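Colleague: Before we discuss the terms, could you put the sequence and the structure on the screen?

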Amino acid sequence: MPYPTVHNAVVQTIRMQDRRPLHLPAHMEIATAAYRRLYGADPGLDPRAVAAEAARVLEAGGYPPRGGAVVRMSLAPDADVTVECCGMLLYAGYAGWHTRLRATVTRYDSFPYGEPCLTSLLNAAYAGDYARRKGFDAAVHVAAGMVAGLAGGLWCCGTDGVATRGGAGEYPLFLVHGGVVSTLSPEAGATDSVPRRLGLAALRRLGVDVYERAVEECELLTADEVFSLNPQGI
């Protein structure tokens with residue numbers, strides 16, 4: 001029996017404010033670079049068209065014209081772009097989460113590792129579901145012994161009341177040891193993402209010592225604090 005064709009689209013989870021995408025140039029840069037690595041071509045993304053389609057799907061989905069929301073852009077192997085609504089954000093602006101998440105560890109390797117694509121999204125969804133079945137809020141993704149990121153964790157809610165979680169490896173994990181922050185480096189398999197870029201820039205702007213390196217699973221047990229970033233905040 002032949003295997004079914006799998007269309008491994010490049011994905012970007014984009015925060016919207018008042019139906020306008022935030023940090024869209026960075027999202028386009030990340031998606032274009034991932035598409036080139038996976039398919040060896042330039043997808044020719046048009047940011048104005050993506051912004052217009054994102055605003056259109058929010059309006060069509062009954063989302064209010066003011067406030068925060070999240071959409072997901074998918075870039076297919078044939079460079080076709082689709083945008084879908086993910087949900088409304090619970091807070092205005094980037095914010096600290098109102099509670100501490102209880103997390104477990106899930107160990108799996110995904111292909112292609114470190115790419116923001118459909119397979120990463122599906123793996124994160126399965127990991128998040130596994131964590132919730134075990135009574136946790138989220139799952140720390142460990143790949144090849146390295147702390148890759150967070151799967152699961154509620155951060156927005158759809159107009160139908162259904163909670164939306166997870167991302168395509170886009171939500172980085174930061175470990176704090178004695179006032180020094182570490183996160184997985186691109187060389188060790190980190191997924192380039194807007195939350196990761198914003199987090200690194202904010203930490204360095206505040207004068208915090210932050211290191212991008214190989215972060216091993218055992219370091220989770222010795223960390224003073226562990227935090228993650230997503231379209232809602234910290």
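**Pocket, burial and core**

Modeller: Helix H4 gives the largest share of the lining of the second largest pocket, six residues. This is a predicted model, in which local features need pLDDT of at least 70 and side-chain atom pairs count only at pLDDT 80 or more, while totals for chains, interfaces and linings use all residues. Residues are numbered from 1 along each chain as its sequence is written, and side-chain values use heavy atoms, with hydrogens and water left out.

Colleague: Which residues lie nearest the centre of the second largest pocket?

Modeller: Pro195, Leu198, Gly199, Leu229 and Ile234 do, out of 20 lining residues. Two or more lining residues come from E1 and from helix H4 (194–205). By class, the lining has 13 nonpolar, six polar and one charged residues.

Colleague: Why is His27 called buried?

Modeller: Buried means under 20% relative accessible area, exposed over 50%, and partly exposed in between (1.4 Å probe, protein chains only). His27 has a relative accessible area of 2%, and is therefore buried. His27 is found in helix H1 and, not counting residues up to four places away in sequence, touches Gln12, Thr13, Ile14, Leu22 and Val194 (heavy atoms within 4.5 Å).

Colleague: Which residues have the most contacts inside the largest nonpolar core?

Modeller: Met16, Val71 and Met73 do, in a core of 20 residues. Strand E1 (10–17), helix H1 (24–39), helix H2 (47–60) and strand E3 (68–75) each give two or more residues to this core. Leaving aside neighbours within four places in sequence, the contacts of Met16 include Ala54, Leu58 and Val71.

Key: Core = buried A, V, L, I, M, F, W, Y, C linked by side-chain atoms within 4.5 Å. Helix = DSSP H or I, 4+ residues; strand = E, 2+ residues; numbered from the N terminus. 1 Å grid on protein atoms, 1.4 Å probe; cavity = no way out; pocket = protein on both sides within 12 Å on 5 of 7 lines; lining within 4 Å. Nonpolar A, V, L, I, M, F, W, Y, C, P; charged D, E, K, R; others polar.
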